[in-house]
Amino acid sequence: MQRSSFLKTLAVLALTAGTATLPVHAQAPAAVELRIGFMPFVPYSAILLARQNGWVEEELGRAGQEGVKVTWTQFAGGPPVNEAFASGNIDIAALGDTPALVGHASGIADRLVGLAYKGGGAQALLVRADSPYRRVAELRGKKVATLRGGNVHELLVLILAEAGLKLSDVEFVNLSLQDMGTALLKGDVEAALAWDPLFTRLESEGKARILRDGQGLKNNLNPIIASTALLKDRPAVAKAYLRAVARGAEALRTRPEDVAKTLAPVYSG
């Protein structure tokens with residue numbers, strides 16, 4: 001994915017990042033804190049813009065919630081976001097569709113309130129640029145890395161199935177995004193199912209190439225999830241967050257080039 005494709009991804013984000021209608025409840029007194037989970041990846045660009053520009057705080061002020069302290073906690077993937085929800089350590093976050101479903105099915109008291117991203121082009125199965133492997137089927141018996149329990153885990157299963165393979169036909173390695181990039185380049189794994197910004201960077205630098213992305217296999221969704229306690233007791237706070245994310249989506253739609261420059265340090269950091 002080169003720069004033009006990156007901007008296309010931002011355009012998809014602008015079209016899909018949105019909010020759901022929240023229930024109306026009597027508003028409790030202003031909460032002392034809004035605890036937000038986030039990930040520094042391309043599908044969450046609207047959220048990253050809201051964070052960088054202080055729009056959540058602005059929208060809270062407009063809603064008469066000036067006393068709310070906003071706390072951002074960074075995560076490396078969806079499974080640890082679920083753990084934070086389950087332990088009551090965050091109030092709202094966006095994550096992949098697979099971990100969101102798993103978390104809800106496991107009994108986490110949450111509700112889908114918005115959509116951060118929809119599309120299949122932000123994840124891809126990579127091999128090193130000098131790799132002899134040209135087809136997914138050639139990875140039988142090889143080490144393949146991705147994040148266990150994430151939407152990329154499900155996509156890996158689908159990509160392998162398309163090539164006539166099962167997950168048990170490869171040696172699965174559970175790694176974070178940064179670790180899988182390092183492992184791929186060092187030769188510790190033969191392939192990695194990574195997501196932006198890593199796979200765009202490795203491809204553009206000529207260090208990796210794509211065997212298969214998610215187009216046509218998985219219409220990846222990254223929902224925004226809120227705790228039921230937040231929605232019941234502090235709906236105005238949740239709505240303020242969603243309005244801030246909507247501002248990020250509007251910026252993506254109207255100023256994609258500026259957004260790409262603004263968020264480049266966030267993605268690379």
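**The largest cavity**

Modeller: The volume of the largest cavity is about 140 Å³. A cavity is a set of points, on a 1 Å grid over the protein atoms alone, where a 1.4 Å probe fits but cannot get out; its volume is the space filled by probe spheres set on points joined across faces, edges and corners. The model is predicted: local features need pLDDT of at least 70, side-chain atom pairs pLDDT 80 or more, whereas totals for chains, interfaces and linings use all residues. Residues are numbered from 1 along each chain, and side-chain values use heavy atoms, without hydrogens and water.

By this rule, one cavity of 30 Å³ or more is counted. Sixteen residues line the largest cavity, with Met-39, Tyr-44, Asn-151, Trp-195 and Asn-222 nearest its centre; a lining residue has an atom within 4 Å of a point. Nine of the lining residues are nonpolar, seven are polar and none is charged (nonpolar: Ala, Val, Leu, Ile, Met, Phe, Trp, Tyr, Cys, Pro; charged: Asp, Glu, Lys, Arg; polar: the others, Gly among them). The largest cavity lies between domain 1 (33–119 + 220–267) and domain 2 (123–213), because both give residues to its lining; the bounds come from an automatic or database domain assignment.

As for confidence, the chain has a mean pLDDT (the predictor's confidence in each residue, from 0 to 100) of 87, and 87% of its residues reach 70 or more. Over residues 23–31, however, pLDDT is below 50. Where pLDDT is low, the predicted coordinates should not be read in detail.

Definitions and conventions
On a 1 Å grid over the protein atoms alone, a cavity is a set of points where a 1.4 Å probe fits but cannot get out, and a pocket is an open set with protein on both sides within 12 Å along at least five of seven lines; lining residues have an atom within 4 Å of a point. Contact means heavy atoms within 4.5 Å.
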